[in-house]
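User: I would like to understand the words used for this structure. Please go through them with me.

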Amino acid sequence: MTLDAPSILVVGTGAVGGFYAGKLAQSGARVDLLCRSDYEVIKDRGVKVQSVWGDFHYFPRKTLSMKNSAAGEPYDYVIVCTKVLPSIDVPSIIRPYVGNKTVIALIQNGIDIEPPVVDAFPQNEILSGLAFICCERKAPGEIHHTDYGRLVIGRYPKGKSSSAEKLVELFKAAGVPAAVSEDVITARWEKLVWNAPFNPISVLAGGCTTDKMVSTPLVESVVRAVMEEVVALAQADGNPVRPFIVDEHINATKAMKPYKTSMLVDYESGRPMEVEAILGNAVKKAKKLGVNVPHMKTLYGLLSIVEQCRSNK
C-alpha cells in the first residue's frame, strides 16, 4: 500500500460518497469515483459541495461508470457508500477493482450488511464504517452538508486494524472528525438506535423533519420506545451499547439543525428506501433471538406497505 498517497475508489456519488470522497482528495489521496447516475455531470463539472465546514469543488482523478465497469489496477482501498438495497449487488459492482491486497470499506447504514461482501471476498480485509452526518444530494454532482460529519471506522467484525488507522488519519488530515473502533458492530447498533425511529417516522408522519419529531411529546414517546427496543436487541445480540444512549441521541437531535432524514429524502425523490437495512434486518434478528420489538415491527410493516404501494403505481 502506498502510505503517503493511497489509491482510493469511492463507490457511489450520493451525499455521503460525494462528500467524503472530496475530503479524502483534500488529504492528498488519489481518489477516483465510481458513479451510477451522475457520471456525465461529474466527469464534466466535478462535484460541488456546499458545507458548514466551508464550500469546496473538486474533480476526482478518474470518473468511472458502473454501467461500463472495466478492470484496471486494483486499488489500495475501495470505499462503498451506496445505499443498502436489494437491487444493488455490491460484490459484483466492486469486483473489477479489488485486488488481493485491496481493503474494502463499507460506509453504509444498517446492521448485518457486511456478510455478502465478506463471503465474496474472504481473503480481503473488510472495514465497516458509520457516517454521522447531515447532508443531502441536491442535484447530480451537487451536495449540501448542513451539520455534523463524524466518522467511525473499524475492522469487521472487530479488532485492531492498521488499515483503518491509516484511513482515519487521511480523513482527519482533511478536518473530518474520525475515530477507529475496535468493536464496530456495537458502533453499528448505536447508530441504529437513532436510525430505527427517526428515519421511518419521518416518512410515515408525512414528511417530518427531526425538530418536529422531538418537539411533539407523543412522537417523542414512540421514538424512545423504538430506541429502547434497539438497545434490548443489541444486548441480546451480545453487543451492549453505551448506557444513557437514548437520552444522548434525543438531546443531540433536539440540538441539531432541523433535518430531513436520508430515508425521507429518498422517499420524496421517488428512490427506494433502506427499509431492510434499517428495520428489516433488525426485526428478523429479534425474531431469531426471541426479543419482543412491537414498535419496530409496526414501523417495519407500515414502511414496507408504503414502499410496496409506491412501487406498484
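Analyst: Helices (H or I, at least four residues) and strands (E, at least two) are DSSP runs, numbered from the N terminus. Val11 is placed in strand 1, residues 7-11. This is a predicted model, in which local features need pLDDT of at least 70, side-chain atom pairs count only at pLDDT 80 or more, and totals for chains, interfaces and linings use all residues. Residues are numbered from 1 along each chain as its sequence is written, and side-chain values use heavy atoms, with hydrogens and water left out.

User: Why is Val11 called buried?

Analyst: Buried means under 20% relative accessible area, exposed over 50%, and partly exposed in between (1.4 Å probe, protein chains only). Val11 has a relative accessible area of 1%, so Val11 is buried.

User: How do you know whether Arg188 is buried or exposed?

Analyst: The relative accessible area of Arg188 is 3%, so Arg188 is buried. Arg188 belongs to helix 6, residues 184-204.

User: Why is the pair of Phe19 and Tyr20 called edge-to-face?

Analyst: Rings of Phe, Tyr and Trp (its six-membered ring) pair if their centres lie within 6.5 Å; planes under 30 degrees apart count as stacked, over 60 as edge-to-face and the rest as tilted. The whole structure holds seven aromatic pairs. For Phe19 and Tyr20 the centres are 5.1 Å apart and the planes are at 80°, so the pair is edge-to-face. Phe19 and Tyr20 are both buried.

User: What makes a charge sit over the ring of Phe132?

Analyst: NZ of Lys or CZ of Arg must be within 6 Å of the ring centre and within 35 degrees of the ring normal. The charged end of Arg150 sits over the Phe132 ring, 4.2 Å from its centre. Lys191 also lies over the face of Phe132, at 5.6 Å from the ring centre.
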